[in-house]
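Hi everyone, thanks for making time this morning. I'd like to walk you through a structure, so please have a look at the screen.

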Amino acid sequence: KGIEIEEYDFNFVRLYQDYRQSPVTCLEEENSKRFLNFVERFSYTQLTTEKKIKRIATAEPWTEKEELNVKALTDQLRHIVKTLYDDAKEQKSELINMAEAGSVSDEYIAAEIATISSQISGGEIRDVNSETFNEIMNASDETSYGKGRDAFFHRVAYFAMTRLLLARVWEDIGFIEQSLYNDGFAKWYENFNREIRRVLHYAFDLSAERYPWLFKANNNYSWYEPSDKALIDSLYELSNFYLGKLDQDILGTIYEDYIERVDKKNKGQYYTPREIVSFIWDRVGYTNSKSFFWYIEGKRRPKLILDPATGSGGFLVEAARRIRECPEFDWNDPQDLLDIHQAILWYIFGSEISPFPYYLTQVNLLIQLTPVIRRILKLGEKKPRDKPTPLGIICRDSMELHNEAQKPLGEEIEDEMRDYQNELVHLPRVEKILYDKIKDKLAGKYYYVCANPPYVGEKGHKELFHHTIHSHPYWKEYYQGKMDYLYWFIILGLSKLRQWGKLGFITSAYWPTADGASKLRKYILE
């Protein structure tokens, strides 16, 4: 910050001149001593695991005056992902043993990897069973299964990183007790007999009290537990940042790294640049407090938002950021802070078919809530709600979320729909409630529906379209040859809007005139 530190303050020219004059006696010069102090203090040193543990435990307490270098943090998160990815790959044999013992679902994991493999190769998804899991685990790296397995281990690493990141964020704002940094780490590391994994378990248990849907998640990625070395390396890298000031879509950038590894054109997923997300929100007029809220009898009521194809959550994160940074709010007023908190927690909804970006969306939105929670705590108010509340994000195929089909319907379609509804009983209760809200209770009530839906044409992907029509007969009415999958998303989005609601999608340029979009245009006009 422009302040000279005398013991490191040396002059290069003087150093050179003294050396030329006397290579031996130059080391006695005060300028040379300061140079040697600088070299000793700042030269690169490979830290041992024990030294990293000591650095974490004795790190300076945060003052909250620190600036967060987002670029540096992003680079370190990439490094952490690489560390965890290498570690997860080394635990492949342990994963196989867990599958044999029945502690993980080999069929679910095989199904996910087979799906990834088909996205990479552009081929159809093969049926899987327990034998497929062993085939995948033993496949060579060059095969489609091997490439899918590699991408899966990256997902495992990203999931582990996001949970570590969020736990540290919550520690830094005082939302949970400190256990992964500074005195808190030193305390629990000793209390748990220097077993680093027990420290992690404790931190995640504390985090689960706040958000069990992420920290008690039983999914294809939660089997992985970092080795001691990988965990210590990760905590050491995170210890260099005050994460209480993290309020940006940092995970969107990390997600972009991931989808670059898979052929995006085959699965229709694209990372949406934040400038484009912001442009879409500007176009639908989501720019000021009157567009964020209704004002009823002097109280704010947030306007409902839906993104039916969240990806890593870019659209919802930008909406939350705009609410949070609205100049109308007084951050010294507890009611204003609670209004922001309620708007993000209760009025923002989304659906994502793939589990991996679904979890990223949740973490991304929780990070957007962090500055609000931090400020509420700062004012000495109670934490917002004693009981944990889930965000309005579900991991489902958005084609399921259509409004009830218009009467009359053929009996065959009615029967298929009833059978499908019966399949929903397996959903966790909380997600079932959210599902019902998005699909039925809030249908026709959303003021904004904004998204970047998948880009998949019928050509080369007929099986996807046939699968959707068979699984959800509602969409048969809106099917025609040479259409794009995103047309169904547009119809879905429009059907969810209230009167005068706004829809903002990124679409292809040709739907206004394309032969395969005539049913879409008819729906829009009607």
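Let me start with a term: a residue counts as buried when its relative accessible area is under 20%. What you see is a predicted model, and C450 in it is buried, with a relative accessible area of 1%. C26 counts as buried too, at 7% relative accessibility. Across the chain, buried residues make up 52% of the 526.

Now, staying with cysteines: how many disulfides does the structure hold? The count is 0. As a reminder, a disulfide is a covalent bond between the sulfur atoms of two cysteines. For C450, the closest cysteine sulfur belongs to C326 and sits 17 Å away, so that is too far for a bond.

Let's step back to the overall fold. The chain has 24 helices and 7 strands. Its C-alpha atoms fill a box of roughly 100 × 65 × 50 Å along the principal axes. Looking at contacts between residues at least 6 apart in sequence, 77% join residues at least 24 apart.

F38 lies in helix α2, residues 30-42, and is partly exposed, at 34% relative accessible area.

Thanks, and I'm happy to take questions!

Key
Residues are numbered from 1 along each chain as its sequence is written. This is a predicted model: local features need pLDDT of at least 70, side-chain atom pairs count only at pLDDT 80 or more; totals for chains, interfaces and linings use all residues. Side-chain values use heavy atoms; hydrogens and water are left out. Helices (H or I, at least four residues) and strands (E, at least two) are DSSP runs, numbered from the N terminus. Buried means under 20% relative accessible area, exposed over 50%, partly exposed in between (1.4 Å probe, protein chains only). A disulfide is a pair of cysteine sulfur atoms within 2.5 Å. Contact means heavy atoms within 4.5 Å.
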